[in-house]
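Dear colleague,

Please find below the structure that I am handing over to you. My findings follow directly after it.

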Amino acid sequence: MVNIKEGQPATVVLDAISDLTLNGEVESISKTFAEKQGDVVYEVTVRLNETHPDILWGMTAVVSFEPVQD
């Protein structure tokens with residue numbers, strides 16, 4: 001979490017539409033954590049700059065964050 005900041009660019013690739021890459025940026029990072037299967041996780045919201053008509057709620061995605069510039 002220390003390497004992710006609000007406003008940071010991100011890319012999203014959906015498993016079901018793997019040839020589509022969507023760009024966005026980190027909109028918010030939760031201040032509280034949850035434990036899932038022994039891991040501590042923080043919810044990160046990414047606002048997409050674009051959309052696609054085949055995107056559905058609940059689709060699995062891989063999100064990549066561009067390095068933070070200090």
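In this predicted model, four strands form an open, antiparallel sheet in the order β3-β2-β1-β4. Strands here are DSSP runs of E with at least two residues, helices are runs of H or I with at least four, and both are numbered from the N terminus; two strands count as paired if DSSP finds at least two bridges between them. Because β3 (39-48) and β4 (61-65) stand at the edges with a single partner strand each, one side of each has no neighbour in the sheet. Strand β1 (residues 9-14) pairs with β4 in the antiparallel sense over five bridges, and A10 stands opposite F65 in β4.

The protein chain has zero helices and four strands, which gives the pattern β-β-β-β along the sequence. Its C-alpha atoms fill a box of roughly 35 × 30 × 15 Å along the principal axes.

Of the 70 residues in the protein chain, 16% are buried (under 20% relative accessible area, 1.4 Å probe, protein chains only). Among contacts (heavy atoms within 4.5 Å) with a separation of 6 or more, 49% are between residues 24 or more positions apart.

As to conventions, residues are numbered from 1 along each chain as its sequence is written, and side-chain values use heavy atoms, with hydrogens and water left out. Local features need pLDDT of at least 70 and side-chain atom pairs count only at pLDDT 80 or more, whereas totals for chains, interfaces and linings use all residues.

With kind regards

Technical notes. Buried means under 20% relative accessible area, exposed over 50%, partly exposed in between (1.4 Å probe, protein chains only).
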